[in-house]
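I opened this model to look up a few packing details. My notes follow in the order I took them.

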Amino acid sequence: MRRIGIDVGGTNTDAVLIEDGQVAAAIKAPTSEDVTGGIFEAFARLKATRALGGGRVDAVMIGTTHFMNAVVQRRHLSKVAALRLGMPASASLPPFCDWSPDLARLVAGGVWMVEGGHEYDGRPFMPLDREGVHQAAREMRAKGLRSVAISAIFSPLDPSHEREAAAIVAQENPGAAITCSADLGRIGLLERENAGLLNAALADLAHDTIAAFEAAIRGSGLDAPLFITQNDGTVAEAAQARRLPVYSFASGATNSMRGGAYLSGLADAMVVDVGGTTTDIGQLRAGFPREANSVVRIGGVRTLFRMPDLISIGLGGGSHVSLEPLQIGPLSVGYRLPSEGIAFGGTQLTATDIAIAAGLIALGDRTRVADLDRATCARVLGAAQRMIEANVDAMKTAAGDVPLIAVGGGAFLVPDRLEGVSRVIRVRHGDCANAVGAAIAQVSGEVDQVFRDLTRADAIAKAAALAAHRAVAAGADRASLQTVETEDIPIAYLPGNAIRVRVRVIGDVAASTGRDR
Amino acid sequence: MTLCEITLEDIESLAVGAWILGTGGGGSPYLGLLNMRRLYAEGHRVWLMPAAELADDDWVAAVSNMGAPLVGQERLTDSRTIARAVALMEEHTGYRFRGVMALEIGGGNSIQPLMAAAHLERPVIDADMMGRAYPEAQMTSVAVGDLRPCPLTTVDVRGLEAVVDKVPSWKWMERVSRKICVEYGSIASTCKAPRTGREVKHWGIHGTTTKAIEIGRAVREAQRTHADPIAAILGVEPGKLLYQGKVRDVERRTTEGFLRGRAQFAGSGDWLGAAMRIEFQNEWIVAWLDGEPIAMSPDLICVLDSVSGEAVGTETIRYGQRVTVIALPPPRVFLTPKGLAHVGPRAFGYDIDFRSVFDA
């Protein structure tokens with residue numbers, strides 16, 4: 001098995017070739033404005049290492065912050081038609097009601113609210129107003145809206161109204177990109193709907209970006225399927241990633257954590273990923289990042305869906321340092337470090353300059369930072385250490401010391417001894433942990449639906465078989481599949497022993513030999 | 001007549017202050033706040049009237065939302081439903097309400113009277129019946145005063161309406177109205193038994209809307225100016241600083257529809273080495289410092305984020321959070337033997353005599 005993992009970061013695009021479980025090559029290339037340029041460059045540099053040779057590559061896995069950045073920077077967003085099924089409830093708080101006006105102006109293409117939705121116990125809240133949905137879909141078409149987000153009251157419990165409405169919208173508006181909020185899960189209508197609206201706003205960008213990635217792979221002479229890394233440590237095939245781009249949010253941090261786990265052999269640990277501008281801190285549980293269970297703001301929008309629990313702080317290799325009073329970050333020279341840092345002939349004192357003066361790393365010209373005495377360095381590094389310690393502690397869910405894996409290009413800012421940490425682990429290729437995490441990501445298949453007239457055991461077995469089928473269809477190797485989550489909730493009100501079953505299976509990416517592409 | 005306009009800034013402050021007066025429970029005021037922002041954008045305005053200015057024979061509506069927070073998060077809050085509960089009570093009784101007041105100033109129910117007032121164009125009476133949040137219907141000043149518990153109106157957003165016309169006690173009211181609420185889908189907007197101006201003046205807990213706004217304003221101003229929000233709260237309220245530290249452990253269990261459990265803290269600063277434990281039933285009920293009970297209901301125990309000054313709720317408190325614990329003085333009505341029987345430590349199953357942190 002040979003896989004290429006690529007992480008497109010804000011500053012660098014990292015790439016690794018993993019061959020039979022080992023890192024065969026690792027490179028860094030500057031991220032380009034047009035995304036594909038950086039990927040072409042990464043492929044070219046990988047080829048230059050000769051490790052790639054002429055051999056076959058089974059998969060290319062790309063992690064990208066592109067979709068998250070689009071929301072934060074308000075760029076490349078599509079106009080969205082919001083369809084909510086829940087009248088007469090919720091009317092005074094329509095979709096987009098808690099968005100900042102600037103983002104709402106860009107994204108809100110229209111709001112339609114019709115009767116529908118369910119109760120917490122599975123009863124319909126109101127029957128679905130099918131004619132109302134037809135009418136809404138026709139109006140969306142008349143307004144030229146091609147991207148639609150559908151939400152319904154308690155759809156995570158019973159998604160049937162959203163599904164039916166989606167079918168009607170597709171019938172009236174062929175080719176429309178439709179997001180159902182039930183696909184993003186989680187109770188909390190406004191926050192789940194917001195995640196759906198953001199997803200729908202990314203429809204065009206997801207289409208174009210993934211097409212560009214595929215073109216870059218082909219243009220580099222590779223014949224391998226494209227996978228996009230998701231924020232739970234798995235990958236999605238291009239088609240799936242195009243449909244649910246929000247699941248790539250924060251996948252870079254997830255990849256770093258998974259890469260850290262893989263390179264260190266530890267499944268339960270804290271991971272600190274120090275980049276150029278920020279440090280991400282997260283916790284690995286059984287090899288995967290712990291999920292956040294609370295509202296996460298993305299570009300100012302309150303959302304609630306599957307996201308890793310992360311703390312990001314403004315500490316990185318490029319962080320501005322001022323001495324009186326002592327302040328590190330959040331401003332950073334970022335990718336301009338090799339020209340703006342003092343040790344590199346620039347004028348901005350950075351965290352990297354301090355590390356060079358303290359002898360932690362050999363970079364640039366040490367004589368340029370010779371006037372930074374030992375006490376000053378200790379003061380700055382001590383402040384960085386306290387920032388890391390406080391946030392590692394905040395990320396814990398229980399008292400007790402934990403092992404900590406330090407990765408990322410700025411990992412030298414993490415000292416060997418930290419309060420609340422049993423040991424600090426550094427790994428080879430730790431500066432490319434994110435690309436390693438992308439390369440080793442697995443494929444999942446998930447089922448979440450209501451079964452009737454089956455025993456509990458039969459319903460779970462049926463769901464597991466369906467999930468396995470989906471994982472294989474998504475590119476997983478059947479022999480490697482394992483069930484990672486099973487959950488069942490009886491739905492008391494519905495007749496016929498109704499039970500809602502959620503099963504998730506995970507497996508390795510299948511070798512592409514014999515794959516029908 | 002001194003009617004004072006409540007500005008949108010006041011309502012933003014109210015949401016922060018009411019969450020603090022929620023003493024760990026009461027539900028988030030966020031959806032109510034969103035409704036008020038929209039109502040103000042549409043041109044609605046709300047006025048505040050001191051309880052002392054009510055005439056003895058005025059009628060006042062006391063409102064609250066009842067039910068499961070989970071359902072509220074899916075159905076959201078529609079400002080018109082609570083207004084309809086008040087209108088239904090007027091239709092049922094033939095009274096015309098002088099104003100609308102909160103049952104519970106702590107948490108999300110603090111905003112309900114404002115939503116009703118905006119639609120009905122009546123003032124909000126500056127008073128409530130708890131001065132904080134409490135989990136049960138008999139834990140109110142009017143129940144302590146043995147005032148009539150009925151009638152009560154319940155409204156569902158789909159137009160379902162019911163009136164509980166006669167019950168002999170507050171406990172019966174809780175049982176019967178809870179059943180209706182469950183059938184509605186576990187959420188209902190309710191207008192409690194109408195109160196006369198005389199009753200509100202005697203049994204209402206006065207000035208609590210203003211108090212919540214002032215606390216919230218102090219916190220928000222401190223956040224804006226990077227000042228200490230805890231000091232800001234203690235600057236506007238005669239409260240007492242009890243403890244500073246970090247959450248060390250949280251245990252939660254859901255029993256009989258209540259969230260029960262305890263949070264344990266490790267001290268910092270002046271409290272380095274001192275351990276605090278606070279037990280909760282939806283709200284913070286009793287705080288122990290190194291094994292000694294030092295604060296208990298009806299004293300208000302407020303657990304606040306040490307940096308932002310905002311309340312930390314019993315549902316969401318988690319390991320590692322840096323918190324400051326303060327106590328605020330309880331309404332006097334709860335300090336009588338009858339009041340303590342309703343909301344003192346024994347009402348929550350603790351065999352402890354009530355001792356206020358403010359007596360020391």
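**Helix 1 of chain A.** I first looked up what the buried residues of helix 1 of chain A pack against: strand 1 (2-8), strand 2 (12-19), strand 3 (22-30) and helix 7 (203-219) of chain A. For contact I used C-beta atoms, placed from the backbone, within 7 Å of each other. Helices (H or I, at least four residues) and strands (E, at least two) are DSSP runs, numbered from the N terminus. The model is predicted, so local features need pLDDT of at least 70 and side-chain atom pairs count only at pLDDT 80 or more, while totals for chains, interfaces and linings use all residues. Residues are numbered from 1 along each chain as its sequence is written, and chains are lettered from A and ligands numbered from 1 in the order in which they are written.

I listed the buried residues of this helix: A:Gly38, A:Ile39, A:Glu41, A:Ala42, A:Phe43 and A:Leu46. A residue is buried if 20 or more other C-beta atoms lie within 10 Å of its own, exposed if 12 or fewer, and partly exposed in between; C-beta atoms are placed from the backbone. Just after the helix, A:Arg50 has a positive phi of about 70 degrees.

**Domains of chain A.** I noted four: domain 1 (1-73 + 203-249), domain 2 (78-201), domain 3 (312-433) and domain 4 (441-507). The bounds come from an automatic or database domain assignment. Between domain 2 and domain 4 of chain A, the C-alpha centres are 26 Å apart.

**A parallel sheet in chain A.** I traced an open sheet of four strands in the order 6-5-7-8, with parallel pairing. Its edge strands are strand 6 (108-115) and strand 8 (177-180) of chain A, each pairing on one side only. Two strands pair if DSSP finds at least two bridges between them. Neighbouring strands of this sheet are turned by 20 degrees against each other on average, direction ignored. Axes are lines fitted to C-alpha atoms, for helices over the stretch in contact, and angles run from 0 to 180 degrees between N-to-C directions.

Strand 5 (residues 80-87) and strand 6 of chain A share seven bridges in the parallel sense. I checked one partner: A:Ala82 bridges to A:Val111 in strand 6 of chain A. Helix 6 (residues 189-201) of chain A packs on the sheet and touches strand 5, strand 7 (147-152) and strand 8 of chain A. The direction of helix 6 makes about 165 degrees with that of strand 7 of chain A.

**Where the chains meet.** How many residues does each chain give to the contact? Chain B gives 20 and chain A gives 24. On the side of chain B, helix 2 (30-41), helix 3 (69-75) and helix 4 (79-93) each give two or more residues.

**Strand 8 of chain B.** Five of the five residues of strand 8 (residues 187-191) of chain B are buried, so this strand is largely enclosed by the rest of the structure. B:Ile187, B:Ser189 and B:Cys191 lie on one side, and B:Ala188 and B:Thr190 on the other. Strand 3 (residues 59-67) of chain B pairs with strand 8 in the antiparallel sense over five bridges, and B:Met66 stands opposite B:Ala188. Strand 6 (residues 152-155) of chain B pairs with strand 8 over three bridges, also antiparallel. There B:Thr154 stands opposite B:Thr190.

**A:Gly475.** Is this residue buried or exposed? A:Gly475 counts as buried, because it has 23 C-beta neighbours inside 10 Å. I placed A:Gly475 in the loop between helix 14 (456-473) and strand 22 (482-490) of chain A.

Note on methods: Contact = placed C-beta atoms within 7 Å.
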